[in-house]
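I opened this notebook page to keep track of what I looked up in the model, going from the whole chain down to single residues.

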Amino acid sequence: MASSVVESPVADTVDQLIAEEEQVFLRRQPRSSELIAVAGEHLAGGATSNWQIAQPQAVWMSHGQGSKVYDVDGTEYVDMHGGYGASIAGHAHPAIVEAVSNRVRRGTHFAQPTEDAIWIAGELSRRFDLPLWRFANSGTEATMDAVHLARALTGRDLIVKVEGCYHGHHDSVQVSVLPEADEIGPRDHPTGVPGNSGIPSAIRDLVIVVPFNDAGAVARALAEHRGEVAAMILEPVMMNAGIIPPDDGYLATIRDLVHADGALLIFDEVKTGFTTGPGGVTAMTGVVPDMVCLAKALGGGIAVAAIGGTRGVMSAIADGRYEQVGTFNGNPLAMAATRATLAEVLTPRAYAHLDELATRLRSSLEAVIAQYGFAWHTVTVGAKGCVTFRRDRVREFRDFLEIDARLGHLHWLMQHNGGVFLPPWGKVEQWLLSVQHDKDDVDRFAANFARFAEAVSV
Ligand SMILES: Cc1ncc(COP(=O)(O)O)c(C=O)c1O
C-alpha cells in the first residue's frame with residue numbers, strides 16, 4: 001500500500017499527456033480525418049449525431065465482429081463503448097444475424113403487428129413484473145410516451161426529475177441534464193437548467209428538479225406542489241454521471257411518496273434495462289414502478305424501444321385515452337432482433353459470464369489503484385462499470401461535478417490508443433461488456449489502465 005492517497009495528479013502533467021495522446025490518436029486515424037473533411041460538405045457537423053464527435057475527432061467505423069470493432073483505418077479495438085450501452089450482444093451475434101436475415105427476406109415493414117411482438121411482450125412482463133407493453137423506436141420515444149401517459153392519466157402537468165439524469169431529447173425531460181456548477185442553484189431548490197437550446201421556458205417550468213438519493217427532497221417537492229405532480233421520472237441507477245447506485249430503501253420510499261400524492265413513478269431503464277441484469281434494476285431491487293422504459297440493449301443492435309406499465313396505466317392506451325402511435329412501432333425487423341436477443345442471447349448463462357468478467361476486471365483495476373495509491377474507486381453493476389476519479393462514493397450529481405473531467409478524457413484516449421474503444425466523455429459514460437467478450441478483452445483494458453495510472457503518478 002502506498003503511504004499517501006492521491007486524488008488528482010499534477011494538472012500540468014495531465015494536460016501534457018492529453019496533448020501527446022491526442023497526437024497519437026490522430027496519427028492512428030488518417031482515413032477518419034479524410035472522411036471528416038469530406039463529410040462536412042453535406043453532413044451537418046460531419047457526423048450523424050453530435051455525440052459521435054469526440055475530441056480530437058470522430059472515429060469512423062468499418063465493421064464489428066464478436067467483441068471487436070474495426071475503424072476505417074483497419075485498426076481493431078475491444079469494443080467497450082457498446083454503441084452507448086446498446087451492444088450487450090456484441091457484434092454480428094449468430095442468433096441475431098440469423099433472425100434478422102430471415103426477417104429481411106420476408107419483408108421488414110407493414111405497420112401491422114407480427115407474432116414476435118406477443119412473445120416479446122410476454123417475456124418482458126416476466127422479466128419486469130409489469131403486465132402490459134408497447135413498442136417504440138428509441139429511448140427518447142419511450143420516455144416521451146411515459147410522461148404523456150402520466151399526464152393523461154392524472155390530468156396534471158408537473159413532473160419531478162432528478163438532477164443529472166438524461167432521459168432522451170424530447171422537451172419535457174431536457175432540464176438539468178448536465179448543468180454546470182454555476183447554474184444549478186441551491187441544493188434544496190435546484191434551478192431547472194435547459195439541457196439544450198430550443199427548449200421553451202414554459203416547458204422547463206413544468207419540471208421540478210430534485211437531487212438523487214434524497215427522499216426528503218421528493219417529499220418536499222410534492223408538498224410544495226400538492227396534487228399537481230403527474231409523475232416522477234428517474235434512472236433507478238444513474239448512468240449519465242458515471243454510475244450512481246441508489247441508497248438502500250431510496251427507490252421504495254420515493255415510490256410510496258409519489259403514490260401517496262396520486263402521482264406515478266417512471267423508471268427509465270433505457271441504459272440499465274438488460275445491462276444490470278435480466279430484468280434491470282426493477283427485478284434486482286423488487287421495486288416495481290408504474291412504468292418502465294426500455295431501449296438500447298433490448299434490440300441487440302437494432303433500434304427498438306418498449307414501455308411497460310401496470311394494467312391501470314396501460315388501460316389508457318388500450319381504451320384510446322392516450323394514443324400511443326408510430327409508423328415503425330413494433331416493426332418486424334426490430335421484433336425479430338429483439339426476440340432473438342431475449343430468447344437466445346441474454347440467457348442466465350450469459351449473465352453468469354458477464355458477472356465473471358466484471359469481477360475479474362474490477363479486481364484488476366482495484367489492484368492498480370491500490371498499487372499507485374490513488375484515491376479513486378471502481379463502480380460496477382452487471383455488465384456496466386466505470387472508474388470514478390474521486391475518493392468518496394458519488395451519491396448525487398453535485399458530487400459528480402467535483403470530479404476532474406480531464407482524467408476521464410485522458411483515460412479514454414489511452415484506452416483508445418491501446419486498442420480498447422470506450423465511449424467518449426470519460427467522466428460521464430461507462431464501459432459495457434458484451435456476452436462475446438472474454439478474459440483477454442478485459443485484461444487488455446486492465447493493462448491500458450495500468451499504463452494510464454503509471455503515466456499520471458507523479
Ligand atoms: C437513461 C437514458 N434514457 C433515454 C435515453 C435516450 O435514448 P435514445 O438515444 O435511444 O433516444 C438515453 C440515451 O442515452 C439514456 O441514457
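The entries below follow the order in which I looked things up.

**Entry 1: the whole chain**

I note at the outset that this is a predicted model. I began with the secondary structure, and I counted 16 helices and 14 strands in the protein chain. I then looked up the radius of gyration, which is 22 Å and close to the 23 Å that the globule rule gives for 458 residues, so the protein chain is as compact as a globular protein of that length. Along the principal axes, the C-alpha atoms fill a box of roughly 60 × 55 × 45 Å.

How much of the chain is buried? I found that buried residues make up 56% of the 458 residues. For the contacts with a separation of 6 or more, I noted that 75% are accounted for by residues 24 or more positions apart. The accessible surface comes to about 18,500 Å², and carbon and sulfur atoms hold 52% of that surface. On charge, I recorded 37 positive and 55 negative side chains, with the centres of the two sets lying 4 Å apart.

**Entry 2: aromatic rings**

I searched the whole structure for aromatic pairs and found 15. One of them is formed by Phe 25 and Trp 412, whose rings are tilted, with 5.4 Å from centre to centre and 45 degrees between the planes. Which parts of the chain does this pair link? I placed Phe 25 in helix 1 (residues 11-27) and Trp 412 in helix 15 (residues 405-417), so far as the numbering goes 387 residues apart, and the pair thus links distant parts of the chain. I also checked the burial of the two partners, and both Phe 25 and Trp 412 are buried.

I then noted a cluster, linked by ring pairs, that contains Tyr 372, Phe 374, Trp 376, Phe 389, Phe 449 and Phe 452. From this cluster I picked Trp 376, which sits in the loop between helix 13 (348-372) and strand 11 (377-381). Trp 376 counts as buried because its relative accessibility is 6%, where the cut-off for buried is under 20%. Its C-alpha atom is separated by 4.7 Å from that of Arg 390, a residue 14 places away along the chain.

**Entry 3: backbone details in loops**

Pro 56 belongs to the loop between helix 2 (30-39) and strand 1 (61-65).

Ala 92 is not a glycine, yet I read a positive phi of about 50 degrees for it. I found Ala 92 in the loop between helix 3 (82-85) and helix 4 (94-105), and with a relative accessible area of 37% this residue is partly exposed.

Is Asp 129 buried or exposed? I looked up a relative accessible area of 56%, so Asp 129 is exposed. Asp 129 also has a positive phi, of about 60 degrees, although it is not a glycine, and its place is in the loop between helix 5 (116-128) and strand 4 (132-136).

I looked up Val 345 in helix 12 (residues 332-345), where a relative accessibility of 2% makes Val 345 count as buried. Leaving aside neighbours within four places in sequence, I listed its contacts as Ala 89, His 93, Ala 95, Ile 96, Ala 340, Ala 350 and Val 435. By contrast, I noted that the C-alpha atoms of Val 345 and His 377, 32 residues apart along the chain, are separated by 31 Å.

Gly 280 lies in helix 10 (residues 280-285) and counts as buried at 3% relative accessibility. Not counting residues up to four places away in sequence, I found that Gly 280 touches Phe 128, Glu 269, Thr 272 and Gly 273. The C-alpha atoms of Gly 280 and Val 292, 12 residues apart along the chain, are separated by 9.8 Å.

Which residues does Tyr 250 touch, not counting those up to four places away in sequence? I listed Val 162, Pro 211, Phe 212, Asn 213, Asp 214, Ala 215, Met 232 and Leu 234. Tyr 250 lies in helix 9 (residues 250-260) and counts as buried at 3% relative accessibility.

Definitions and conventions: Residues are numbered from 1 along each chain as its sequence is written. This is a predicted model: local features need pLDDT of at least 70, side-chain atom pairs count only at pLDDT 80 or more; totals for chains, interfaces and linings use all residues. Side-chain values use heavy atoms; hydrogens and water are left out. Helices (H or I, at least four residues) and strands (E, at least two) are DSSP runs, numbered from the N terminus. The radius of gyration is taken over C-alpha atoms; the globule rule is 2.2 Å times the number of residues to the power 0.38. Buried means under 20% relative accessible area, exposed over 50%, partly exposed in between (1.4 Å probe, protein chains only). Contact means heavy atoms within 4.5 Å. Accessible areas come from the Shrake-Rupley method with a 1.4 Å probe; for residues, only the protein chains shown count as cover. Lys and Arg count as positive and Asp and Glu as negative; His and the chain ends are not counted. The place of a charge is taken as NZ of Lys, CZ of Arg, CG of Asp or CD of Glu. Rings of Phe, Tyr and Trp (its six-membered ring) pair if their centres lie within 6.5 Å; planes under 30 degrees apart count as stacked, over 60 as edge-to-face and the rest as tilted.
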